[in-house]
Amino acid sequence: MPNAPLHLTATLLLLCVSTQAAKPVAIDWAQARQHWSFVPPRQQALPKVRDTAWPRERVDHFILASMEAAELTPTREADARTLIRRATFDITGLPPTPDEVQAFVNDSRPDAYARLVDGLLSRRAFGERMAALWLNLARYAEDQAHQVGNNSSFAYPNAWRYRDWVIAAFNADMPYDVFVQKQLAADLLDPQNKADLAALGFLGLGHKLYARGRLDVQAEEWSEQVDTVSQTFLGLTVACARCHDHKFDPITARDYYAMAGVFASMQMVNLRPDGKDEDGKTLADKMDPGTLHIVRDMNPHDLPVYERGDVETPGAAAPRGWLQVLSKGEPEKFLQGSGRAELARKIADPANTLTARVMVNRLWDLVFGRPLVRTASNFGATGDKPTHPELLDDLALRFVQNGWSVKRLLRELMLSSTYRQSSSGSAANAQLDEANDHLWRMNRRPLGIESWRDAILATAGTLSREGGTSQNLDAPAHRKRTIYSQVSRRELNKTLMLFDYPDANVHAARRSTSTTPTQKLFVMNSPFVIEQSKALARRLQQGGGDDAARIRQAYALLYAREPAAEELALAQEFLQQPAEAGLTAWEQFAQALLATNEMLYVD
């Protein structure tokens with residue numbers, strides 16, 4: 001694969017395990033469809049529990065039954081300050097203000113928490129938070145992994161228009177099945193609706209490799225599209241069947257080329273506002289600012305099954321169509337143009353056993369910090385089985401029945417007793433389930449780079465709520481939310497990389513988390529943190545009152561709580577010491593607070 005980015009090629013080859021020829025093995029399709037993720041979700045009766053007073057939502061019955069079977073007991077409910085900080089970060093990716101915290105603490109109405117969650121879901125910040133999840137799945141980026149000299153013609157200067165579409169779609173609670181279909185075939189499903197053309201950035205921001213006229217190079221691009229679409233929406237590694245039938249899952253090479261033929265029958269274009277295409281040689285900085293990076297059908301045709309994935313050895317044709325394992329009999333052929341619209345409908349079909357499960361699992365991960373299926377983009381044989389299979393089925397079925405509403409599902413999860421638990425648990429429970437597999441307490445979770453940086457800006461009082469175009473993350477003037485930062489495939493920003501932002505060349509199932517000395521060194525030495533420490537110190541000093549009042553304000557801004565007596569005394573003593581290292585005592589104090597684990601983690 002000489003023309004593919006080396007890290008992309010290596011990733012796909014590792015997923016595929018081997019590119020050597022394998023003797024085809026007849027698949028028993030009836031048996032193959034018995035794998036848990038290919039079995040249609042079943043309506044679940046609520047399990048019986050001993051502590052009938054604890055459950056608030058349906059999910060609580062399943063979680064509590066699992067706990068009780070393991071002789072575990074739920075942890076006490078988190079206090080109001082912890083709960084509002086947790087909920088606000090989880091829904092908006094931003095911290096609550098001191099006034100919001102105090103209002104919630106003082107609200108004695110029985111539905112105070114439900115009102116809080118509803119209010120958070122209605123904010124624009126919700127869509128920005130959700131986009132941070134989605135863009136990693138879509139391998140969002142604004143350039144390519146390669147560039148020759150100053151030739152930026154393959155870059156995507158207006159990729160942000162796709163990002164803005166995603167944000168708006170989540171804020172409008174666009175039904176997830178519609179959300180899926182528009183990203184694959186908005187131009188075909190509703191040709192008169194130009195407002196949703198930006199959704200095609202899901203495909204249109206894919207990889208463009210040099211020497212694109214060569215068949216072997218085109219084959220690399222098809223493979224990347226198949227991999228991104230199948231993992232994101234279906235939780236399957238269909239690209240592993242490019243060179244031979246899948247080693248572990250009931251996906252044949254014919255299945256792969258049936259799907260790849262859809263992407264081989266489209267072209268990636270830069271569409272100007274006047275409806276004309278940008279010239280393919282136009283450099284990024286010369287493109288019309290209204291240009292959309294999208295796809296359109298071109299020369300619909302079927303692909304042959306290439307033996308070992310080698311375009312020099314074509315075999316029998318594989319008609320464009322659906323996966324056989326997800327079909328009742330022979331797979332449906334796609335006959336309308338490229339087949340993108342038909343593929344979109346099949347993925348979003350309620351009869352598809354995967355799509356709802358995969359998205360529900362991602363939303364569960366967003367809320368609880370760990371998915372029910374640990375391998376969030378692999379529901380195949382080598383992936384993990386769900387820890388709570390009946391719960392996953394129940395959620396997936398009701399997700400569809402309730403109109404594929406993301407907000408409604410998130411609301412239910414966040415109103416549950418499971419979510420409201422404290423992150424501190426009993427020693428007895430820890431002995432029985434140290435990993436918290438049964439969710440007898442809430443998981444303590446680190447903030448992602450977006451939420452952490454945004455929280456620093458928000459508490460310092462410098463955050464800009466402007467959206468739109470992307471800015472260099474390291475630019476001193478960049479005070480917008482981190483979601484509005486440039487993302488590069490060629491050279492990922494070092495700060496993003498340091499704090500576990502994934503490689504934008506490939507679909508990322510979920511974020512990895514790391515704790516390294518270099519992260520703390522960044523907090524101690526980066527110009528960004530130092531400047532925000534100064535801004536926070538100014539904010540505190542301008543707030544009036546004595547040192548004790550200012551210290552209390554700092555704790556309220558950063559941690560949504562009052563300082564303990566010992567913390568207050570320590571801070572007062574520190575502020576009386578001579579300043580060092582070119583910063584005032586208040587600036588050093590502000591930086592120390594920003595550097596704490598309490599700032600980085602959500603309980």
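This is a predicted model: local features need pLDDT of at least 70, side-chain atom pairs count only at pLDDT 80 or more; totals for chains, interfaces and linings use all residues.

The sections below cover confidence, helix packing, the pocket and the cavities.

Residues are numbered from 1 along each chain as its sequence is written, and side-chain values use heavy atoms, leaving out hydrogens and water.

The chain has a mean pLDDT (the predictor's confidence in each residue, from 0 to 100) of 95, and 96% of its residues reach 70 or more. Over residues 6-22, pLDDT stays under 50.

## Two partners of helix α21

Helices here are DSSP runs (H or I, at least four residues), and strands (E) have at least two; both are numbered from the N terminus. Helix α18 (residues 449-460) and helix α21 (residues 527-542) have axes that come within 8 Å and cross at roughly 30°. α18 is therefore roughly parallel to α21 (angles under 35 degrees count as roughly parallel, over 145 as roughly antiparallel, 65 to 115 as roughly perpendicular and the rest as oblique). Axes are lines fitted to C-alpha atoms, for helices over the stretch in contact, and angles run from 0 to 180 degrees between N-to-C directions.

Helix α20 (residues 517-525) packs against α21 at about 50°, with the axes 5 Å apart, so α20 is oblique to α21. In contact (heavy atoms within 4.5 Å) are Phe522, Val523, Met524 and Asn525 of α20 with Pro527, Val529 and Ile530 of α21.

## The largest pocket

The largest pocket has a volume of about 1,100 Å³. Among its 47 lining residues, Pro446, Leu447, Gly448, Arg511 and Thr513 are the closest to its centre. α7 (124-137) is one of the elements that supply at least two lining residues, and α7 gives the most, with five.

On a 1 Å grid over the protein atoms alone, a pocket is an open set of points with protein on both sides within 12 Å along at least five of seven lines, a cavity is a set where a 1.4 Å probe fits but cannot get out, and lining residues have an atom within 4 Å of a point. Points are joined across faces, edges and corners, and a volume is the space filled by probe spheres set on them.

How many cavities of 30 Å³ or more does the structure hold? There are 10. The largest has a volume of about 80 Å³, and α7 supplies the largest share of its lining, three residues. The second largest cavity has a volume of about 60 Å³, and its lining includes Trp364, His388 and Asp437.
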